[in-house]
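Welcome! Let's take a short tour of a protein complex, beginning with the place where its chains meet and then turning to each chain by itself.

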Amino acid sequence: MSVQGEQSPLSSGAAGAAVFPGSDSRKFNYFEPKGRKATHYEDMTVDVQPDPERYLAQGWILSFGDGTPTYSKDWTALKSSNWHLYRAPDQEWERTHYQRQSTIVGMLKNIVDNGRRAGAPSRFDPRWVKVLQDHVGAYKHAEYGLGKALTQAQRYGYTQMINNAILTNSSYKLRFAQDLTLYLSEIGLDLNGFDHEAGKKHWLEDPLWQGVREAIETIGGAADYLEQYFAINLVFEPLVGELFRSGFIMQAAAAQNDFITPAVVSAAEADYEQNLANAVELFQIMSSDASHGEANKLVMQGWLERYAALCGKAADLLQPVWSQPRVKVVQFADAKAASANRMAAICDAVGLQAPLSLN
Amino acid sequence: MSGAMTLNKITQQKGIGISEATRRIADLGWTPSYVQEAMTFPTDYRIAKAPKDPMKQVLRSYFPMQEEKDNRVYGALDAALRGDMFRNVQPRWVEWMKLFLAIIPFPEISAARSMAMVGRLAPGDDLRTGFTMQMVDEFRHSTIQMNLKKWYMENYIDPAGFDITEAAFGKCYATTIGRQFGEAFVTGDAITSANIYLTVVAETAFTNTLFVAMPSEAARNGDYALPTVFLSVQSDESRHIGNGHSLLMSILNKPENHLLLERDLRYAFWQNHGIVDAAIGTIIEYGTKNRDKKKESYAELWHRWIYEDYYRTYMLPLEKYGIKIHHDDVAHAWDRIVKQGYVHKVAQFFSAGWWANFWRIDAMDERDFEWFEYKYPGWYAEYGAWWENYRKLSKPGSVPITFADTGYVYPHRCWSNLVPAVIREELQVDEVDGELYTYGSEVDRWTHKEAFAPEYQGRPTPAMGRFSGRRQWEELYHGWDMADAIKDMGFVRPDGKTLIAQPHLSFEEKDQWTLDHVRGYTIQSPIVNLRAMTPEARAQHIADYRKGFTIKRL
């Protein structure tokens with residue numbers, strides 16, 4: 001007679017319907033939470049990408065033609081005693097990511113639609129319109145380039161936590177590049193003579209933008225995924241991205257009768273605060289690693305100097321843009337000083353020296 | 001409000017059209033002139049034609065659409081709890097979800113990673129928007145599935161197995177098959193893995209059985225959560241199918257790619273058949289309590305989704321571009337399912353090694369027998385005694401069925417897809433680089449020896465992947481006591497002795513197998529033993545293996 005034949009029929013498949021060994025084991029028990037209890041983000045994220053140090057008993061069972069396994073620690077110059085330590089401070093998993101992104105695009109739609117309904121673009125200062133057309137139009141390509149580099153970088157990380165933080169960063173960058181593209185396209189419908197092709201032309205040909213383009217292409221050309229993540233969030237963003245967005249657009253727009261553009265750009269500023277926190281946490285772990293911290297600092301200091309030189313040059317080339325609005329409410333020098341302060345604070349947070357090129 | 005604006009203008013304010021929007025977004029890209037993009041993921045294909053994005057969707061419509069889909073999913077999960085879904089759910093079904101949901105989040109996130117590999121291969125930026133959305137989609141799939149798994153763990157009667165899920169994924173003798181599937185998306189030639197294997201075959205063909213057919217069976221077992229999550233996942237797949245097809249069209253454009261394309265379509269189709277049909281066929285046919293004779297069997301589902309939908313309407317039209325399609329493989333896969341009992345033999349294997357699992361496998365009963373016999377005439381004669389033995393040996397203290405004198409021969413594993421070589425007559429043995437390997441079929445042998453090699457039909461293929469690692473689970477525990485292996489894998493409940501796996505669905509403590517019940521049995525690796533044989537003994541062993549076996553009724 002079978003066991004099934006001897007047992008009483010089940011009345012319920014619900015939790016608590018029977019008590020037996022393991023019947024109350026209702027938490028994922030294979031990782032150490034960062035805090036006292038695992039967060040939902042940790043439950044959704046930790047160990048989904050396995051590795052031989054974490055349960056992958058057979059090792060990676062495929063390799064590339066040159067013998068490199070499916071995931072390799074050698075894909076970055078940084079070393080870690082514990083690649084699994086990192087948790088993204090933003091705690092994003094799919095639902096929170098879509099909620100945040102959806103809230104942003106909904107906010108932007110309301111602002112742009114209502115602004116256009118109110119006829120706001122027609123009251124923008126004409127010289128400001130040209131700034132939007134030429135320079136915000138050029139800048140959208142920089143954001144796109146960063147998004148693409150991050151799409152590439154999210155393949156290489158040794159853990160799911162690192163890769164997902166880079167993936168959501170990519171998603172934010174690509175959304176903002178599209179936000180700017182569609183925003184300029186739509187206000188262009190209300191502005192006679194708005195040239196939609198001008199932004200790309202400036203991006204490719206205007207000497208003012210060639211430093212930025214060189215920096216973006218250099219980041220895209222890097223083969224080390226953490227170098228890319230570092231260069232984007234710890235160097236390019238404070239020295240160029242934030243400088244242009246916060247140090248120019250956000251401050252100058254209102255004086256040109258433009259209340260829409262700062263709202264569009266503000267979303268990217270909030271994105272950056274989140275992505276910066278994620279990146280600083282990771283690189284702080286790398287710089288304070290008990291075994292590899294000092295070597296990691298040397299590598300990161302090298303990245304810092306290299307990209308700070310590129311991005312500092314790119315920022316300086318942009319200086320004439322600050323002179324183009326009719327009403328001048330912000331000085332390039334002030335924006336640059338704020339940018340240098342930001343850079344210094346970031347370096348301090350991850351245990352690096354501020355780059356020599358900024359001294 | 002502006003005095004110049006009329007009410008009419010306000011209410012009919014025009015935005016930018018979708019075609020123009022996608023054109024301008026694609027125009028965000030440019031050809032670098034200072035530094036070229038790093039091409040770190042190699043391919044042996046040549047791509048010169050810029051692929052087009054067939055979906056023409058932008059992120060500002062994508063994110064709200066996905067949020068709305070999420071709201072429906074999470075709302076439905078809440079409703080399922082309010083409706084006391086678990087009171088009526090079939091444990092036989094939910095137990096198999098411990099296996100399925102341990103596997104699937106990894107292939108999903110691997111698919112996200114693979115978008116990095118195809119993103120830089122083709123010229124132009126049109127399709128990169130599509131790849132971006134697929135990347136975020138796959139992030140969605142992986143974490144929404146983790147959420148579902150956590151939800152089962154919190155609400156289903158037996159959480160053991162869900163609680164160790166990702167640890168179990170890395171150690172189990174069954175999930176190794178799923179790891180082969182997921183790693184194949186992200187390793188080796190970028191087009192082979194991320195385009196042909198993932199999008200052109202797995203997503204276009206086999207997600208229909210994974211994410212459409214299986215949820216239907218879930219609903220028949222009182223599980224409304226799985227269909228809610230997976231049909232939402234499947235709604236993203238059309239975008240991925242579009243991405244895959246668009247890139248495929250760019251590849252087809254160059255005749256020098258045709259040889260590799262034929263290789264990869266053959267490898268990918270056959271391995272998807274081997275892996276997906278093994279796992280999903282077993283879950284649909286053996287994880288259900290519903291024996292409605294009017295519902296489609298897995299074989300019938302396969303014919304609808306793979307043969308009619310994919311083979312006839314997707315694969316066959318590729319012939320007009322000069323691509324050789326292996327019709328014989330499709331016909332053979334069909335025969336394996338209908339005539340050679342592929343799914344039934346895999347289910348038999350899973351139940352033979354029930355103790356190495358981290359989920360329970362329920363015995364089949366008379367109602368099951370009747371349904372199987374109706375859908376697969378001759379089933380009872382071949383498998384009836386096995387399942388009757390399994391039921392008899394489900395009581396703790398019995399000899400574990402693997403070691404009982406039933407006549408069952410523990411199978412060799414296929415080196416290519418890691419599924420055991422359960423269709424005995426098709427076992428292949430060959431040497432590669434001086435080492436002996438076993439395969440489940442001739443195409444599997446060809447996959448390892450010819451397709452996964454540095455040269456294919458005289459053409460150098462340095463980008464092609466390689467099989468690596470300790471691919472056969474049995475090798476890990478060759479010579480180990482069964483109890484020690486189970487303990488080493490961590491497949492023991494919190495009391496330190498009761499097995500997570502059980503060969504029944506009883507929740508009474510007296511019916512639970514413990515480590516003591518399985519001690520004294522030694523695990524053997526078929527390939528280790530095969531390699532140790534003399535040539536004569538090996539030839540005899542292979543001949544005997546191919547003859548198969550007959551199950552003795554205990």
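Buried area is the accessible area, found with a 1.4 Å probe, that two parts lose on being put together, summed over both. In this predicted model, the area buried between chain B and chain A is about 9,900 Å². Carbon and sulfur atoms give 59% of that area.

**Where the chains meet**

- How many residues of each chain are in contact with the other chain? On the chain B side there are 123, and they are in contact with 106 residues of chain A.
- Seven salt bridges are counted between chain B and chain A.
- One example to look for pairs Asp27(B) with Lys200(A): in this salt bridge, the closest N and O atoms are 2.9 Å apart.
- Polar contacts are counted too, and between chain B and chain A they come to 59 residue pairs, with both residues at pLDDT 80 or more.
- Which element gives the most to the side of chain B that touches chain A? Helix H7 of chain B, residues 126-155, does, with 18 residues.
- Sorted by class, that side of chain B has 57 nonpolar residues, 36 charged residues and 30 polar residues.

**A strand pairing across the chains**

**Chain A by itself**

- Chain A has eleven helices and one strand.
- Along the principal axes, the C-alpha atoms of chain A fill a box of roughly 90 × 50 × 40 Å.

**Chain B by itself**

- Chain B has 23 helices and five strands.
- Its radius of gyration is 25 Å, close to the 24 Å that the globule rule gives for 554 residues, so chain B is as compact as a globular protein of that length.
- The box filled by the C-alpha atoms of chain B is roughly 90 × 65 × 45 Å, again taken along the principal axes.

**A hairpin in chain B**

- Five bridges hold together another antiparallel pair, made of strand S1 (residues 428-432) and strand S2 (residues 435-439) of chain B.
- Val429(B) has Thr438(B), in S2(B), as its bridge partner.
- What do S1(B) and S2(B) form? They form a hairpin, with two residues between the strands.
- In the turn of this hairpin, Asp433(B) has a positive phi of about 50°.

How values were computed. Residues numbered from 1 in each chain as written. Chains lettered and ligands numbered in written order. Predicted model: local features only at pLDDT ≥ 70, side-chain atom pairs only at ≥ 80, totals over all residues. Heavy atoms only, no water. Contact = heavy atoms within 4.5 Å. Salt bridge = Lys/Arg side-chain N within 4 Å of Asp/Glu carboxyl O. Polar contact = N/O pair within 3.5 Å; in protein donor to acceptor, adjacent residues only side chain to side chain. Helix = DSSP H or I, 4+ residues; strand = E, 2+ residues; numbered from the N terminus. Nonpolar A, V, L, I, M, F, W, Y, C, P; charged D, E, K, R; others polar. Rg over C-alpha atoms; globule rule 2.2 N^0.38 Å. Pairing = 2+ DSSP bridges.
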